[in-house]
Amino acid sequence: MGDQVVRTPAFDRVAADGVVFRNAYCDAPTCGPSRSAILTGQSIWRLEEAGNIHSTLPSKFATYTEVLEGAGYRTGHTSKGWSPGRLAPGGRTRNPAGDQFDGFDAFFAQQPSDQPFCFWLGSRDPHRPFELGSGARSGKDPARVAVPPHLPDHEVVRNDILDYYVEVERFDSNVGRALALLEESGRLENTIVVVTSDHGMPFPRAKASLYDYGSRVPLAVCWPRAVPKGRTVDDFVSLSDMAPTFLEAAGLEAHEDMTSHSLVPVLKAGGSGQVDPSRDAAFIAMERHDGCRRGGKGYPCRAVRDKNHLYIRNFEPTRWPSGSPNAKDCARGIPYGEIDSSPTKTFMMEHRGNPAVDRLAELAFGTRPEHELYDLREDPGQLRNIAAEPAAAETLDSLRERLMNHLASTGDPRALGKPAPWDYYPYYGRKVNQDWEVDSPA
């Protein structure tokens, strides 16, 4: 995808043998809800408790794995499947990603040659914490790091990114081993391989935010027998599109509740650029992330992202978007707890008095208005909110209407004036502050 430091030969192979999607977005920039959307083919506002992290995925929501199993497929996963949360409260007895194995090799060693399979090759890389200094020790040069515009250009940040790259490369090596097993068995030709991430990088103003560094994800798909290779596609896709894609590829109907759309026509179409003109935007959402506000309150927000603009609607703008600065308000006792603890976060918090850091820190940790609008042609880093500027009024109104119409048509309670219960669902995550609890609805 163009980075000059990190090396991902397995991802590059899948990209070269198939299709790279330049405008792929997770449905939510937080792992549990994102994975629920992938499995069910639905937006998180349709999934009740599963719209929150550290929650559950109710069994009434069908998953593509269950549909495939009903058609004779064998399913399995390794490492992080659907997670984190508890399955029993949702009426499930096994992980929705399939039975758990130590790795793809363990699953594949038991795979009958005449049975189709579906495997979720999960990983906890590059989840924090990272091994401090691992990037530099691996020989990577911090001077070559392309620091994202929303982060300070400082050696602490550069080295933190290098440590992140080590984790990315470790996951990529797992993908490489799986590809080798498929190739040795002669099954790679007719296997769909998808490589992506459930959300963006674990840095300030990235993960757990609707900006590009939190919601835009890498996505490469290959299926040598059926998909023309070597293509770069600009269509906007959501990771929830994977569920109906897998089912259509297997010759099955999507479940009636799935609201996302199969990518099979795009994959098979041939050609690069914009393949399907209707795929011109992505819709992203977040509710409660990690228990970082008093009473279990989340930061409900929705966004529409098209080629030129990002519009975000913050439904509770008086709340702290990155979590309360008061550690006592957070289940894990961490200020601004929506942002993972890291050298970058600590550096930004400790250098608020530095003019080169303060504005970026305010963008990461401070409150936000109800409406945010970014012109990506002038501001690709999404640092200047133009929602209040008169010249942007027409664009703001158009995108706001498009977002709210989409939310209403797909049943979002926040767009329909209905009760939105995410602030009150149980929280099953670890609580450092034992007196932290979720409020009961009034």
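Me: Hi! Quick one to start: is E48 buried, partly exposed or exposed?

Reply: Hello! E48 is partly exposed, because its relative accessible area is 28%, and a residue counts as buried under 20% and as exposed over 50%. Keep in mind that this is a predicted model.

Me: Thanks. And where does E48 lie?

Reply: You'll find E48 in the loop between α2 (31-40) and α3 (64-70).

Me: What is the phi of E48 near?

Reply: The phi of E48 is near 55°, a positive value in a residue other than glycine. As background, most residues other than glycine have a negative phi.

Me: What about R205, what is its phi?

Reply: R205 is not a glycine either, yet its phi is positive, at about 55°. R205 sits in the loop between β5 (193-196) and α7 (212-215).

Me: Buried or exposed, that R205?

Reply: R205 is buried, with a relative accessible area of 5%.

Me: Let's switch to peptide bonds. Is the one from D125 to P126 cis or trans?

Reply: The D125 to P126 bond is cis, and its omega is near 0°. The bond from R128 to P129 is cis as well, with omega near 5°. In general, most peptide bonds are trans.

Me: Where are those prolines, P126 and P129?

Reply: P126 is in the loop between β4 (117-121) and α5 (134-137), and P129 is found in the loop between β4 and α5 too.

Me: Okay, cavities now. How many of 30 Å³ or more does a search of the whole structure find?

Reply: The search finds three cavities of 30 Å³ or more.

Me: Which residues line the largest cavity?

Reply: Its lining is A208, S209, L210, Y211, M286, Y299, C301, I312, N314, P321, R368 and E372. By class, those residues divide into eight nonpolar, two polar and two charged.

Me: And what lines the second largest cavity?

Reply: The second largest cavity is lined by R205, A206, K207, A208, S209, P321, S322, E338, I339 and R368. So R205, the buried residue with the positive phi, turns up again here.

Me: Nice. On to aromatics: how many aromatic pairs does the structure hold?

Reply: The structure holds 17 aromatic pairs. One of them is F104 with F108, a stacked pair at 5.2 Å centre to centre and 25° between the planes.

Me: Why does the Y427 and W436 pair count as edge-to-face?

Reply: Because the planes of the Y427 and W436 rings are at 65°, and planes over 60 degrees apart count as edge-to-face. The ring centres of Y427 and W436 are 5.0 Å apart. Y427 is buried at 6% relative accessible area, and W436 is buried at 5%.

Me: Which residues form the aromatic cluster with F104?

Reply: That cluster is made of F101, F104, F107, F108, F117 and F119.

Me: Last one: which ring does R302 lie over?

Reply: R302 lies over the face of W422, at 5.7 Å from the ring centre. There's also R414, whose charged end sits over the ring of F315, 5.9 Å from its centre.

Conventions
Residues are numbered from 1 along each chain as its sequence is written. This is a predicted model: local features need pLDDT of at least 70, side-chain atom pairs count only at pLDDT 80 or more; totals for chains, interfaces and linings use all residues. Side-chain values use heavy atoms; hydrogens and water are left out. On a 1 Å grid over the protein atoms alone, a cavity is a set of points where a 1.4 Å probe fits but cannot get out, and a pocket is an open set with protein on both sides within 12 Å along at least five of seven lines; lining residues have an atom within 4 Å of a point. Grid points are joined across faces, edges and corners, and a volume is the space filled by probe spheres set on the points. Ala, Val, Leu, Ile, Met, Phe, Trp, Tyr, Cys and Pro count as nonpolar, Asp, Glu, Lys and Arg as charged, and the others, Gly among them, as polar. Rings of Phe, Tyr and Trp (its six-membered ring) pair if their centres lie within 6.5 Å; planes under 30 degrees apart count as stacked, over 60 as edge-to-face and the rest as tilted. Buried means under 20% relative accessible area, exposed over 50%, partly exposed in between (1.4 Å probe, protein chains only). A charge sits over a ring if NZ of Lys or CZ of Arg is within 6 Å of the ring centre and within 35 degrees of the ring normal. Helices (H or I, at least four residues) and strands (E, at least two) are DSSP runs, numbered from the N terminus.
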